[in-house]
Amino acid sequence: MIRIEVLGGLGIALKRWPQVLLIGGMFAIAALVLSLVLSDVLTQVAVLRGGYELRARRATAFTAYYPEPGKAAAPDGLVSRVPDATIKLLASRVEAGEAYSAITSNLQLDNANFAEGHRVIVVFGDAVRSALPGSRLCRPVPCAMQGSGLVGHAIAPIRFAGRRFAPDSILAAPATFFDPNLAGVPLGTTILIRLPADDLFRLNPIEREEALTRSVLLNPRPAVLDAFVAGSAGGGLRLVPQELAVQQSGRLQDVMATSGIYVLGFAAFLALLTVTFASSVAQTLRREAKSLAIRRLWGATPLALHIRVGVFVGVTTLVVPMAPLTLLFMMGDPFAGAVGVVAAVMACIFVAVWLSASRSVVAGVWTR
Amino acid sequence: MRIRIGVTCFLLGTLTFFFGWSIDRSLVNRSTAAFGMTGTVQTVTVTTSTQAVDAASAQEAARAARRFLVAHNISVIIASVGDGEPSMIVVDPARRVPWLSPIRDSRGSVRGIYLFNGSYSAARWRAVSSVPLLPSVTAVSGFVDPPRDPERPGFTLQYVRPLPTLFPTGNYVFGGASQSDMSRFQAILSRQGLSAGPIFSTPLIIDIASTPFVVITALLLSSGSVATAGYWSLLLSKRTAESAIHRVYGATTKRLIIRLVLYGAPSVLMGLTGGTVAASIFVRLLSGAPLATSHLMVLLASLTGGVVVVLAVWTGATVSHALKAGGDR
């Protein structure tokens, strides 16, 4: 019996294929775009939430303005010459747990075979924990860790800053380094080296410059911040302080406003589409009323009519939109989560239209 | 039926406001990208060129460039991009940069250093009368409101300074320059040892149409209108018999249309007003921005545009209905 009803429902849909394709296509496009927008929003919110601990500790990061080519402060080319006193100031703050620093991109630029081409990130200070939420760090410093994606790779000991490192512990997945200027850096296939603050003096000029620009001071006293900024500027490296709590709450608000508009806009559009569809379904079923009444006279149960109407409604709201959604779902993160939400919304629309349509049909046919 | 029309118009009203808001946002972004320079702008990134230039001819070229700007009434904003001082240089002989007006002299130049309100440097100067980023500077001429909100990411410039002897590298935004002005100015700069990248000048309409936010809200509004038109013609189809009776009693197509348009018009107006106002309140709560006149302007513009478009859709639905009712007779 069920098969006959399903085929019958499909028949109603096939008879009105232009209408099914038009409305189903609109549902499909709306569901697809909503999934894309939603996955973008979810990613951005996740990145901003990663910086939560840094915001809570009133972290100040820096935007760097490098020396201009050929200016007096940089006699040997483009690299700044920040005085040792400023490095010492940073080292003392790192030592006290009130700052951390990192080098992520300019490590051993003149050594092409450094760490056999694996990505290496060097960090200074215990306070770097705030930028590595959820990760357990190796100790005692100096030490090295490897990303979970490198397990099983034989990694030769790495020489850096006059030391030898063999990664002996693993960064639990999914480890992410939250860099204020780069957002989230995934550490799956990265080697993380922890160094003591005094090793800041052992870096080459380019690494030293990067360590200064990527330093993050936690709740710094104004005098310390000013001395750090003035010392760096004296060496030709101008570091503009940025309080993360202020900057990121502004960004969070922008993201919230845009995504709120998207979500509400799509909700309004889906509502318009749903009422249009529901009323066109009602019209279709009015035209089918005679054939449904005849079925009832020949012994069709209410359940059978419900199924017939449900299949017709489902073709438009579920089957047509599911094709692009499934493709998107198979692309995995970050789309999969958003597709789930949108599929749930489509299911709700299906149930709402189905209930309203089949109730009126059953009532209409049975009272005749 | 009036309530149904009102509810759909409420939903369309929210979509209309979002569309209007997205256009307003893209205009604001365009203006901030041009650092508040009004009119058509051209953007060029200027870097140091590889060819060596001796000091005397470089200074001569810089003087020529300066004269050229004043003689041709061209405004230029030079913003540092990642090297040198975190500062901005503005030459504005034609008064195209509104935020500069408090500090510009009669020839459109700035004399002295003016710190951007809200920046780190302004706060330090107010607190301790020194600017850590400018260790050698002991005198600051004053403060000026920046062309972008320094509490939003992406704006780290700290002050406006006078044009130095030589033109610096950076991001150049020109106002009031023709195509030939641009190439002549580039030629002068190259004599100073600078090389200019490609010129970017996007027409307003393309700039707006290529903003994803605008594209998505436009799609929502247009497909929402299509869905609404479909819904309304289904609603009206229930009145076919009634309209046919009106016909029989002598109503012309025109009278029938006017009757139906006037029947729906109050719901359309009320629904749209409610929808746009509700959406504007929602946006204001989310963005946390203070109520500005621009917000009200967007509201009024969306409402006006929405009323015109939606009444046209409603009229279209009634026209097709009236013609059908005529055919039924």
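Predicted model: local features only at pLDDT ≥ 70, side-chain atom pairs only at ≥ 80, totals over all residues.

Reader: Is helix 2 of chain A parallel, perpendicular or oblique to helix 8 of chain A?

Author: Helix 2, residues 17-50, and helix 8, residues 302-330, both of chain A, have axes 8 Å apart and pack at an angle of about 40 degrees. Angles under 35 degrees count as roughly parallel and 65 to 115 as roughly perpendicular. The angle therefore makes helix 2 of chain A, relative to helix 8 of chain A, oblique.

Reader: What is the handedness of the crossing of helix 1 of chain A and helix 8 of chain A?

Author: The axes of helix 1 of chain A, residues 2-15, and helix 8 of chain A come within 8 Å and cross at roughly 40 degrees. Among the residues that make this contact are A:Ile2 and A:Leu10 of helix 1 and A:Ile307 and A:Val311 of helix 8. The crossing of these two helices of chain A is right-handed.

Reader: Which helix gives the most to the lining of the largest pocket?

Author: The largest pocket holds about 1100 Å³ of space, and its lining has 31 residues, with A:Asp254, B:Arg25, B:Val28, B:Asn29 and B:Arg152 nearest the centre. Two or more lining residues come from each of helix 7 of chain A and helices 1, 6, 8 and 9 of chain B. The most, nine residues, are given by helix 1 of chain B.

Reader: Which strand supplies the largest share of the lining of the largest cavity?

Author: The largest cavity contains about 80 Å³ of space, and among its 13 lining residues B:Ser80, B:Glu85, B:Arg161, B:Pro168 and B:Thr169 lie nearest its centre. Strand 2 (75-79) and strand 3 (87-91) of chain B each supply at least two residues of this lining. The largest share, three residues, comes from strand 3 of chain B.

Reader: How many nonpolar residues has the lining of the second largest cavity?

Author: The second largest cavity, with a volume of about 50 Å³, is lined by residues including A:Phe62, A:Tyr100, A:Asp179 and A:Arg214. Sorted by class, this lining has two charged residues, three polar and, for the nonpolar class, seven.

Methods
Residues numbered from 1 in each chain as written. Chains lettered and ligands numbered in written order. Heavy atoms only, no water. Axes fitted to C-alpha atoms, helices over the stretch in contact; angles between N-to-C directions. Helix = DSSP H or I, 4+ residues; strand = E, 2+ residues; numbered from the N terminus. Parallel < 35°, antiparallel > 145°, perpendicular 65-115°, else oblique. 1 Å grid on protein atoms, 1.4 Å probe; cavity = no way out; pocket = protein on both sides within 12 Å on 5 of 7 lines; lining within 4 Å. Points joined across faces, edges and corners; volume = space filled by probe spheres on them. Left-handed = near helix turned anticlockwise from the far one by under 90°. Contact = heavy atoms within 4.5 Å. Nonpolar A, V, L, I, M, F, W, Y, C, P; charged D, E, K, R; others polar.
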